[in-house]
Structure formats: structure tokens, C-alpha cells
Amino acid sequence: MTAPLLSIRDLHLRMSSFDGRAHVLNGINLTVNRGEIWGLVGESGCGKSLTGLSVSRLQPTPPAHYTAGEILLEGQDLLKLSPSQMQRLRGKRIGMIFQDPTTNLNPAFRIGEQLVDVALAAADRDPEVIGCAPNAGRRECRQAARKLAGEMLTRVGIPNALARLDDYPHQFSGGMRQRVLIAMALIGRPDLLIADEPTTALDVSVQAQILELIKNSVKDFDMGVVLITHNLGVVAQTCSHVAVMYAGNIVESGPVAAVIGNPVHPYTRALMSAIPTRETRRGELRGLAGSVPNLITPPPGCRFAPRCQFAQPACTTAMPAPVSVGDNHAAACIRVNEMEALVDD
Amino acid sequence: MTEIMLEIDNVSKIYPGRRGIFGTSPEVHALKNVSLSVRKGESFGLVGESGSGKTTLTRSILHLETPTSGSIRVQGQDLGKLSEAELRRLRSRVQIVFQDPYASLNPRMSVYDIVTEPLVIHHETLGLTNRQRSDRAAELLSLVGMGSQHLHRYPHEFSGGQRQRICIARALASGPELLLLDEPTSALDVSVQAQVLNLLCELQDRLGLTYFFISHDLAVVRYLCDRVALINRGEIVEQGDCAQIFDAPKSEYARMLIGAMPEVKVPA
């Protein structure tokens, strides 16, 4: 049996600050296979982005400090790689898309140049990416990379792509810039794509197009995707699997249909009932009282217990382990099996 | 016949082209013949994508922008025909809550100063003494679900949801009848968004406010608003009862927007 594309095992991350050390990731377990789109959802400050940044090792250490765990990319532990080894993986094997398309493109360079640079860096490792012979001259490589850049822009739906290679980022709209970034992330044919809130800054109509584009790319390139978002609607629309995070833990994970159709963790339920739907009547929206706990002195036991309406004394003694509640569907709550009866009351 | 709170009649706004070193930029038609009316006591939603003219329209209602043509009337008073003093008096009845509670509170002012500032500015209209202002500040905070122990703290001590509550308290200070809400929950987490939306519902029931709610989040508009208008490139594309527009959109644009709305449901 081959190793899964990405396997995060019991990852612990501490962050030093002036007030003390915060336990920001507290035993994350996540396995992503090719062809899967994993949604990572939760409120701000629950560790979604840090999980993503840890995989691409873009979180500077210090202040961050990995105290335990491993991040395996097809069996290779990323946490043990040197910075230069890691740099060779980025762009080629791991692609990233960030939230704000405006700040992630260099305003002083043409779009084409920026795409070509990424393609050439990826080609250093694998000349097949740009499709020219290993001993080809620099000029030849550049031309091939430029051709590929044009193809990628066409693929992400930018009209008249070849002419637009010579445009600067400010000549593109927000949605178009996000497409350019996606093209840039995909140009090295990565095996794993990490998309950190790729559509939060965009309008709904553009958001739908970008999500569709990510979905199609998974089919075309046979990659795995980690989609970080705070919007459960986006997850339902796009992802095959979902992991719900709260205060540095994954509290519930599984296939989208199972988790959204039958959420068992009280936090997932609370998140879902906070979103107005067609049926929600005025004044009946249920918010979640309280706020995310201070991670320097986290509450004992289950970190959600202080805000949980079903909490018992036993909840504060130990961190609950994930309990399987169905095919690949697990929730970290000691009252999972009573949940149906509790909700009916 | 219900009273009309806000009437926007055939308003257009053209920003003239600017002459720069690379030539003249074309003029921008930010609003094209926009007409709508908001009844007293209802929630009216304005939905549009970025660049569609939502903000220009909001700023026009506050008379921070002067429309190129057309008129805006608040309770029958035409904003374009009022004197400075009359405008100031009118503004005590029209207040706004902004999108970003991190940017719209002055970090150097305490909550007390923030909430009582409108009372000082509208001193002529309201005529409150210092003592009455203090009482009013405490009353406002309890209205938005906070306590008088928060009065002498500074904005950085509060979470996003609490800051937005402070913004709402400030907007309510002068006793407005019309509240403009410019994407008041889009910077907040869903759980906090739900609390703020519930607060807005409760305040409307209690104080009989009229809301003009600007958003690009259709789910929130469907939840809160009675009527809705969709705006695209400065033109109103469709307007009507909320339920009717969401269930049977007439225009292509409305169908597209509603179709693109990410719903939390089990995928088919």
C-alpha cells in the first residue's frame, strides 16, 4: 500500500509570545489522498491557517516551535527537511494560494514574468514541467515556460491570455488576480495544493467560479487539496471531506455528506445553526455564546467544554479522543453516542 | 398607507474624469437613475457586488456625496435643499454602522467618549446635561448587551463582536429613526455574526427602527430584511419583497447571484 499524499500525525505547535507560550495546535491528525478536497473550517484563531502554513513550512521558527508530531508528504517528513530542501518542494510539489490576491503579486513585474519564474524554478527539479529537454538552453526554456504560462492562464479562464502575459497586476480585477495566483500555484504541477481562504475577498459570483476552477483542477492534475475557509457553505459546495477545528484541535472530521448531513460534535452543530438558512425565521438564529479560549492557559479537558451546552463534569478532566461514528467520520466528544437523544430534548 | 422613511428618486452620480500625466480617465457613472423607497419600520436590503455603487448610494443618503441629479428625501425633507444647520439636525435621526469595527473606533477614545460623542455633537437637538449623558451612555451599553463596567475601557480591549456592539451603541446614541448598516457583520465570525444579527432584530422590535441594510451576503439579507433591491453597475436590477425575490427571481442577474450563493446543505 502506498503512503497517503499528506499525512499529519499528532502535530503539536507552541507559539512564544510576551504573555507566555500558546498551545496553538494540539495534536492535529489529518490524512489527505489524491483526488480529495479537504475543507478546514472553524472560527478565527482556531489554527486553520497555521495548519496550512505548517505543511508548507512557511511559519517561522521561532516564534513557532513544533514540540511533537510529523507531517508526511508521501512518507517524507517535512519537519525534518532543511530550508533549502523545503524550498525545492514549494511550487513544485506543494502549491499555495493565499487570501488576498492583491498583496501576493509583485506590482513591479509583469504577470508573465512572475509565472515564468515559478515555472523555471519548478523545471529545475523536473524539466518535464515546461516540456523541454534537460539540456536545452536558457532561451529555449524561457520560451517554453512562457508558452506554458499562456496555457495556464487560458486554463484558469483568463480571456486573451497570451496578450495579457505582458500586463501588470494592477491591470487585473480582484477575481482575475486570484485566477493568476491559482495559475501560478498550478504551473509547477503540484501534488498538494493549500488554498488559504482563496475566495474570502471576492464576490459570490466570482467565488463560485474560482471554487469550480479548483474542483476541476483536482480532476485534471490528480492532486490533493486542503481548502482553508470559515464558510461552511463553501465547504458544502466544493469539498469532498471536511475537518472542523476548534482551538487547535480537529473536533470532527469526515466526508462532507456525513458531517454536514449529520453533525455530531456540539461545536459543528453550533456553527451550522449560526448560519441563516431559507427556513430560519427572524429572531430565531442561534449564536454561540462566549468566545474562543485563551490558548496560553487553555481550559482543562475538552477545550470546547466552557461553551458547550451539553458539558458534564467529565468533560473537563481529559481531552476527548476522536470517536468513530461512521465510515471515516469521527468526532472528539465523550457524549457523541448520546447526542441524538440530547438534541431531541 | 405606511409612512415613507427614505425616498430616493431618480438619483444619478457621475464622477468626472481626472486629468493625470497619462491623459484623462473616463468619467464614472457610479449610479444611474436609482429610485427606491424605504417604509418606516421595515428592513430594506441593498445587495450588490463590489463596485456596483452600494457605497456611493449610502454616502449620498448621508449627504457626504451630492448626487449629480435626482433627489433624496428623508421623511419628506429633500437633502439637497437643506441648510447646514438643518442637515445637522437631520443627521441626528440618520446614523450609520460601518463594516469594519476595528477601523471605525478611535483607539484613543474610551467607550464612554465614543458613545457620548454624538450626544455632544447633537447637543442643540438633544439638549442633554453632562449627568444625563452619563446615564444615557450606560443605558446605551445595556441596550446592546454590554455593561457599565465597560464604559471606561478602550477599543483594543474588546473582541470584534463587542466592538461592533459599541458601534451600534454609538449609532443609537442620538436616537435615530433610520439606521444605515454597511455590511455590519462581514468582518465577524459566523457565531458572532449570529449574535449581532439577533441584536439588530431585537433592537428593531424594541425601538421601531428602520434599517437600510447593505450587504453582499444574500443569506444574511434573506434572514433580516423585508424587502430587497439588487444593484449592478449603478443600476437597480430588481426590487421587491424578500421572499418573492429569493423564490422567484425575475432578472438574469438575480438568478445568477442566488445561484452562486453557497448554501450549507448536503451536496447532491
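Helices (H or I, at least four residues) and strands (E, at least two) are DSSP runs, numbered from the N terminus. The model is predicted.

**Exercise 1.** Carry out the corresponding analysis for A:Glu197.

*Solution.* 
Step 1. A:Glu197 is placed in the loop that runs between strand S7 (192-196) and helix H7 (204-221) of chain A.
Step 2. Its phi is positive, about 50 degrees, although A:Glu197 is not a glycine.
Step 3. With 19 other C-beta atoms within 10 Å, A:Glu197 is partly exposed.

**Exercise 2.** Describe the contact between chain A and chain B, with attention to the side of chain B.

*Solution.* 
Step 1. Chain A contributes 33 residues to the contact and chain B contributes 26 residues.
Step 2. On the side of chain B, at least two residues each come from helix H7 (190-207), helix H8 (218-224) and helix H10 (252-259).
Step 3. H7(B) provides the largest share of this side, 7 residues.
Step 4. Sorted by class, the side of chain B that touches chain A comprises 15 nonpolar, 6 polar and 5 charged residues.

**Exercise 3.** Which strands of the open sheet of chain B stand at the edges, and why is one side of each left without a neighbour?

*Solution.* 
Step 1. The sheet is open, has 6 strands in the order S8-S9-S10-S5-S11-S12 (chain B), and shows mixed pairing.
Step 2. Strand S8 (94-97) and S12 of chain B are at the edges; each has a single partner strand, and therefore one side of each lacks a neighbour in the sheet.
Step 3. On average, neighbouring strands of this sheet are turned by 15 degrees against each other, direction ignored.
Step 4. Strand S9 (residues 178-182) and strand S10 (residues 210-215) of chain B run parallel and are joined by 5 bridges. B:Leu179 has B:Tyr211 in S10(B) as its bridge partner.
Step 5. Helix H6 (residues 160-172) of chain B packs on the sheet and touches S8 and S9 of chain B; the direction of this helix makes about 170 degrees with that of S8(B).

Notes. Residues are numbered from 1 along each chain as its sequence is written. Chains are lettered from A and ligands numbered from 1 in the order in which they are written. This is a predicted model: local features need pLDDT of at least 70, side-chain atom pairs count only at pLDDT 80 or more; totals for chains, interfaces and linings use all residues. A residue is buried if 20 or more other C-beta atoms lie within 10 Å of its own, exposed if 12 or fewer, and partly exposed in between; C-beta atoms are placed from the backbone. Two residues are in contact if their C-beta atoms, placed from the backbone, lie within 7 Å. Ala, Val, Leu, Ile, Met, Phe, Trp, Tyr, Cys and Pro count as nonpolar, Asp, Glu, Lys and Arg as charged, and the others, Gly among them, as polar. Two strands pair if DSSP finds at least two bridges between them. Axes are lines fitted to C-alpha atoms, for helices over the stretch in contact, and angles run from 0 to 180 degrees between N-to-C directions.
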